[in-house]
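Hi everyone, thanks for coming. Please have a look at the structure on the screen, and I'll walk you through a few places in it.

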Amino acid sequence: MKYPQTFENLINGLKKLPGVGSKSAERMAYQILNMDDADISNLANSLLESKNKLTKCKKCGCMAEDDLCEICKDDSRDSKTLCIVQTSKDVYALEKVKNYHGVYYVLNGVISASLGITPSDLNLNAIINRIEQEEIQEVILATNPNIEGETTALYIAKLLEGKNVEVTRLAYGLPVGASLDYADEFTLIKAMQGRRKL
């Protein structure tokens, strides 16, 4: 027996979320049906408000409600250090650590031949303009340690050659508490390459 079409539409809508399969979407749909009207109204309003009010910061590309995000508005940040990340989600991950006080540039993607994303799709000229106009001294490349992230980081590093700026890459390797015998080959190679003197 098939579900009513309205319920099927709800399930299909939920399945569009990342990591949500048929069974998870079905459970969520049943949960939504059991919610009271006020909670459903709040959820629906939050979805619409997020889509309509959130935009990209004109300066860094991070998620924002105004022309500038909260980080770009903050004069106490170290404006001489620029961290380049793939997504707004990466900005918030780094901010949770409370160890970085510089500014950001969000690529909103990475170079990917398989997806047809080229350097021109990432607006890399804006990075060069910021470096020159704001006299940035260090650029930290914080793209993911996968093929696309590495390709993008190498491309940006090459692009910045000859500019008066230090280009660094986030270190990566073994996570704290990990066992060597559980680490994959790539992680071990990067951990060995990134070793430092104690």
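Let's begin with helix α7, where I147, L154 and K158 are exposed on one side. Please keep in mind that we are looking at a predicted model. The helix α7 runs over residues 147-159, which makes 13 residues. From the first C-alpha to the last, α7 reaches 18 Å, close to the 18 Å expected at 1.5 Å a residue.

Now, which residues of α7 are buried? They are G149, E150, T152, A153 and I156.

Next stop, the aromatic rings. How many aromatic pairs are there? The count comes to four, and I'll show you two of them. To describe a pair of aromatic rings, we give the distance of the centres and the angle of the planes.

Take Y3 and Y30 to start with: their ring centres are 6.0 Å apart and their planes stand at 75°, so this pair is edge-to-face. Y3 lies in the segment before α1 (5-14), while Y30 belongs to helix α2 (residues 22-34), so to speak a link between distant parts of the chain, 27 residues apart. Both residues are partly exposed, Y3 at 27% relative accessibility and Y30 at 40%.

Y30 also pairs with F7. Here the ring centres are 4.9 Å apart and the planes are at 55°, so we call the pair tilted. This pair, too, links distant parts of the chain, with F7 in helix α1 and Y30 in helix α2, 23 residues apart. Is F7 buried or exposed? F7 is buried, with a relative accessible area of 9%. Put together, Y3, F7 and Y30 form one aromatic cluster.

Last, the cysteines. How many disulfides does the structure hold? The number is zero. For C57, the nearest cysteine sulfur is that of C72, 3.8 Å away, and a disulfide needs the two sulfur atoms within 2.5 Å. For C83, the nearest cysteine sulfur belongs to C60, 11 Å away. Both C57 and C83 are buried, with relative accessibility of 4% for C57 and 3% for C83.

That's my tour, and I'm happy to take questions!

Methods
Residues are numbered from 1 along each chain as its sequence is written. This is a predicted model: local features need pLDDT of at least 70, side-chain atom pairs count only at pLDDT 80 or more; totals for chains, interfaces and linings use all residues. Side-chain values use heavy atoms; hydrogens and water are left out. Buried means under 20% relative accessible area, exposed over 50%, partly exposed in between (1.4 Å probe, protein chains only). Rings of Phe, Tyr and Trp (its six-membered ring) pair if their centres lie within 6.5 Å; planes under 30 degrees apart count as stacked, over 60 as edge-to-face and the rest as tilted. Helices (H or I, at least four residues) and strands (E, at least two) are DSSP runs, numbered from the N terminus. The expected span of a helix is 1.5 Å times one less than its number of residues.
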